[in-house]
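Please keep the sequence and the coordinates at hand while reading.

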Amino acid sequence: MSKQIIFSNWYAHYKFFWEHQISWMDEQLKFRFIRDKIPLSLIFILSVFVIGIVLF
């Protein structure tokens with residue numbers, strides 16, 4: 001059983017991509033905004049939320 005803190009993966013994304021100097025790494029890996037810098041779970045939750053509002 002995982003003992004992870006809720007939203008810790010989102011916090012890790014924030015700390016890595018928005019608070020650190022990653023330009024040297026970005027030159028080699030070519031990070032994309034939607035694919036790499038936004039957590040996939042956040043994209044999923046937002047898309048479900050938008051679809052729910054449209055259908056409601």
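The protein chain contains four helices and zero strands, and read from the N terminus its elements follow the order α-α-α-α. The model is a predicted one, and the values below were computed from it.

**Overall dimensions**

- The radius of gyration of the protein chain is 15 Å, whereas a compact globule of 56 residues would have a value near 10 Å.
- Taken along the principal axes, the box filled by the C-alpha atoms of the protein chain is roughly 45 × 30 × 20 Å.

**Burial, surface and charge**

- Of the 56 residues in the protein chain, 12% are buried.
- The protein chain has an accessible surface of about 5,400 Å², and carbon and sulfur atoms account for 69% of that surface.
- The protein chain carries 6 positive and 4 negative charges, and the mean position of the positive charges lies 8 Å from the mean position of the negative ones.

- A nonpolar patch on the surface is formed by Phe49, Val50, Ile51, Ile53, Val54 and Leu55, which together have about 670 Å² of accessible area.
- Ile51, one of the residues of this patch, counts as exposed because its relative accessibility is 51% and the cut-off for exposed is over 50%.
- Ile43 has a relative accessible area of 29% and is therefore partly exposed, since this class lies between the buried limit of under 20% and the exposed limit of over 50%.

**Helix α3 and Lys37**

- Lys37 is located in helix α3, which spans residues 33–37.
- Is Lys37 buried or exposed? With a relative accessibility of 18%, Lys37 counts as buried, because buried means under 20% relative accessible area.
- Lys37 and Phe49 are 12 residues apart along the chain, and their C-alpha atoms are separated by 20 Å; Phe49 is among the residues that form the nonpolar patch.

How values were computed
Residues numbered from 1 in each chain as written. Predicted model: local features only at pLDDT ≥ 70, side-chain atom pairs only at ≥ 80, totals over all residues. Heavy atoms only, no water. Patch = residues over 30% accessible without salt bridge, like charges linked within 9 Å, V, L, I, M, F, W, Y side chains within 5 Å. Areas by Shrake-Rupley, 256 points an atom, 1.4 Å probe, with all protein chains shown as cover. Salt bridge = Lys/Arg side-chain N within 4 Å of Asp/Glu carboxyl O. Buried < 20%, exposed > 50% of the residue type's maximum accessible area, 1.4 Å probe, protein only. Helix = DSSP H or I, 4+ residues; strand = E, 2+ residues; numbered from the N terminus. Rg over C-alpha atoms; globule rule 2.2 N^0.38 Å. Lys, Arg positive; Asp, Glu negative; His and termini not counted. Charge placed at Lys NZ, Arg CZ, Asp CG, Glu CD.
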